[in-house]
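Dear colleague,

I am passing on the structure we spoke about, and below it I set out what was found. Please read the notes with the structure open beside you.

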Amino acid sequence: MAVDRDQVLRGAAALLTRKSTATMDEVAKAAGISRATLHRHFAGRDALVRALEALGIAECETALDAARLDEGPAPDAVRRLVREIEPAAGLLAFLYTENQLFEGEELHHGWTRMDDRISDLFRRGQLSGEFRIDLTPAWLTEALFGLLASGAWMVQSGKGAPKDFPHMIAELLLGGALRPGQAPHSPAPQNPAAQNPAPQSSATQIEES
């Protein structure tokens with residue numbers, strides 16, 4: 001019987017997000033195939049991890065599209081993003097532990113694409129007066145990824161309920177990112193430049209961050 005590579009890959013992702021130290025034998029068993037069959041699809045653990053990286057990036061980019069990051073108030077876009085990316089959070093948490101993915105010159109360009117899109121969202125919120133400007137978009141982006149991974153680990157360990165994931169992650173991040181005086185659930189001011197004037201040096205800081 002033919003073995004579907006994508007099915008094997010998703011089975012491996014499900015196992016490794018629960019047990020990051022699982023061996024190739026354990027991955028094969030979880031997928032219901034032999035070690036030899038697994039090896040025909042993935043020559044070794046590194047090849048498997050690289051395939052999981054491509055899957056994780058693809059799922060995250062689909063979530064970014066679905067979240068409509070350019071629409072509406074920036075805080076609402078962050079909340080949509082957390083909801084949409086939640087199904088991939090466990091896989092992201094696993095990938096974050098694989099140091100070889102982020103070393104040397106072989107960094108997958110998909111990570112940069114995601115960083116750029118999310119950073120643009122935080123920059124948009126800064127320019128509209130919704131987000132504080134002393135935290136750079138790059139810093140906020142890394143904080144979001146870190147919270148997503150931590151939240152996934154917490155749910156997997158049973159310390160947190162899956163239904164609480166979107167609210168806990170988004171509101172914890174926004175609690176630190178929102179500009180003082182911004183109501184957490186209120187829409188952005190129609191004329192933020194007039195209501196929240198910032199010195200020229202601050203605006204320059206946003207553009208250069």
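**Helix packing**

In this predicted model, helix α4 (residues 45-66) packs with α5 at an angle of about 145°, their axes lying 8 Å apart (axes are lines fitted to C-alpha atoms over the stretch in contact, and angles run from 0 to 180 degrees between N-to-C directions; helices are DSSP runs of H or I with at least four residues, numbered from the N terminus). Cys60, Ala63, Leu64 and Ala66 in α4 meet Leu81, Glu84 and Ile85 in α5, where contact means heavy atoms within 4.5 Å.

**Salt bridges**

The whole structure holds 13 salt bridges, each a side-chain nitrogen of Lys or Arg within 4 Å of a carboxyl oxygen of Asp or Glu. In one of them glutamate 53 pairs with arginine 50, with the closest N and O atoms 3.5 Å apart; the two are three residues apart in helix α4, so about one helical turn separates them. Glutamate 53 is buried at 2% relative accessible area, whereas arginine 50 is partly exposed at 22% (buried means under 20%, exposed over 50%, partly exposed in between, with a 1.4 Å probe and protein chains only).

**Confidence and conventions**

The mean pLDDT of the protein chain is 84, pLDDT being the predictor's confidence in each residue, from 0 to 100, but pLDDT stays under 50 over residues 186-202. Where pLDDT is low, the predicted coordinates should not be read in detail.

Residues are numbered from 1 along each chain as its sequence is written, and side-chain values use heavy atoms, leaving out hydrogens and water. Local features need pLDDT of at least 70 and side-chain atom pairs count only at pLDDT 80 or more, while totals for chains, interfaces and linings use all residues.

Best regards
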